[in-house]
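Dear colleague,

Please find below the structure that I am handing over to you. My notes on it follow directly after.

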Amino acid sequence: MRIGLIARAETARGLGVQTRNFFDHMPVSSTLLVEMPNPDSTLDVDGYTGQVLRVPVDTRHHTLPEEPVRDWLSTVDVVFTVETTYDWRLPDWARAAGARTVIQGNPEFFRHHLPGFGHQAHPDEWWWPTSWRPFPELPAGPVMPVPMPDMPRIAAPSTGDEPLRLLHVIGKRAHLDRNGSDAVIQAMRSMIRPTVLTLHGLEGELWPDMPRSKRVSYRLNLSETSDRWSMYVDQSVLVMPRKYGGLCLPALEAAACGVAVMMPRVSPNDELAQMFLRCRGLRPTNLACGRVEIAAVNPMDVSAALNALTPDAINEAQDAAYANVPRWSEWRDRYIARLERIAR
């Protein structure tokens, strides 16, 4: 079986991280490396070795150059991509070439069911990273988690003598403050225990005035980190009041390093976290996929949950995170078996 990968080279963007993760752990025969006109991250083009075809994306018309892509499709049996094929004619081009396509979808960006998008071709199979189903039009497909590497355990265990070591990954701010960054920062006003909060972001100094507290100190890293795994070194808890979404890469990465993950008690966070925040209901909003209910999280609930943490609770959650996160050592063969089934 010849596996083709549609990849991105951005090192600090979700699609780039996911596709590089796949490349590093799967027997990829050939890579179609799509190039965005204005990348907003450092690129690691040289990280993709072997047979690589680089093609530009026309982001105005959402198309790829047809002839070279059709030629590339004729060299593979099955194509894996994340979220999109960058040109929704591609699944049909692949079928014409005798190849099959798989998209590991991001449910909040799925639009085939909406008016004006019904003409877009579907892949031969949709994979979903969690069981989150925000609307009934989501196509059927297996839950295929995004596996993590076998990382060393680099989290900071809790003894009770040290400040609470918290991590929050802002990333690039998504619609409606998806990661709940505002709630985390405002929660620091009500911390009653010594706390060190580390923030990682991509947009510079988003908050020039952090809440002042004698009990809280901040470590701000608001530009791209060259080694994303370094974010998790000596951290105890990733606090992520994420409001919506079918996947959270920082939650998986933190767990892979033994960092406990705290998220709101809404789907799909039971698949991603070990500790949970109170959710004060759901409110409907419109995303690219259509109408979705998103979690409402109060900063006071965040601070209350953090203040209540005990060393035993932190250490037990870290153990659960490290033991239960999906890893390539378990999922690689499952991925290959599923792709072989599709390619027949």
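Helices (H or I, at least four residues) and strands (E, at least two) are DSSP runs, numbered from the N terminus. This is a predicted model, in which local features need pLDDT of at least 70 and side-chain atom pairs count only at pLDDT 80 or more, while totals for chains, interfaces and linings use all residues. Residues are numbered from 1 along each chain as its sequence is written, and side-chain values use heavy atoms, with hydrogens and water left out.

Backbone features

Pro 268 lies in the loop between E11 and strand E12 (275-277). A cis peptide bond, with omega of about 5 degrees, joins Ser 267 to Pro 268. For context, most residues other than glycine have a negative phi, and most peptide bonds are trans. Glu 83 is placed in the loop between E4 and helix H3 (90-96), and Tyr 86 is also found in the loop between E4 and H3. Glu 83 is partly exposed, with a relative accessible area of 21%, whereas Tyr 86 is buried at 9%. Here buried means under 20% relative accessible area, exposed over 50%, and partly exposed in between (1.4 Å probe, protein chains only).

Helix H5 (residues 249-256) has 8 of its 8 residues buried, so it is largely enclosed by the rest of the structure. Its cover includes H1, strand E7 (164-171), strand E10 (237-239), strand E11 (260-264) and helix H7 (311-324). Just after H5, Gly 258 takes a positive phi of about 90 degrees.

His 200 sits in strand E8 (residues 195-201) and is buried, with a relative accessible area of 9%. Leaving aside residues up to four places away in sequence, His 200 touches several residues, among them Leu 167, His 168, Asn 221 and Met 231. Contact means heavy atoms within 4.5 Å.

Packing of H1 and H8

Helix H1 (residues 14-25) packs against helix H8 (residues 328-343) at an angle of about 90 degrees, with the axes 11 Å apart. H1 is therefore roughly perpendicular to H8, a term for angles of 65 to 115 degrees. Axes are lines fitted to C-alpha atoms, for helices over the stretch in contact, and angles run from 0 to 180 degrees between N-to-C directions. Asn 21, Phe 22 and His 25 of H1 meet Trp 328, Arg 332, Tyr 335 and Leu 339 of H8.

Cavity and pocket

The structure holds 1 cavity of 30 Å³ or more, and the largest cavity has about 50 Å³ of space. On a 1 Å grid over the protein atoms alone, a cavity is a set of points where a 1.4 Å probe fits but cannot get out; a pocket is an open set with protein on both sides within 12 Å along at least five of seven lines; lining residues have an atom within 4 Å of a point. The lining of the largest cavity includes Gln 18, Asn 21, Phe 22, Trp 328 and Tyr 335. H1 gives the largest share of that lining, 3 residues.

The second largest pocket has a volume of about 310 Å³. It is lined by 18 residues, of which Thr 11, Arg 20, Asp 24, Asp 44 and Arg 228 are the closest to its centre.

Yours sincerely

Terms used
Parallel < 35°, antiparallel > 145°, perpendicular 65-115°, else oblique. Points joined across faces, edges and corners; volume = space filled by probe spheres on them.
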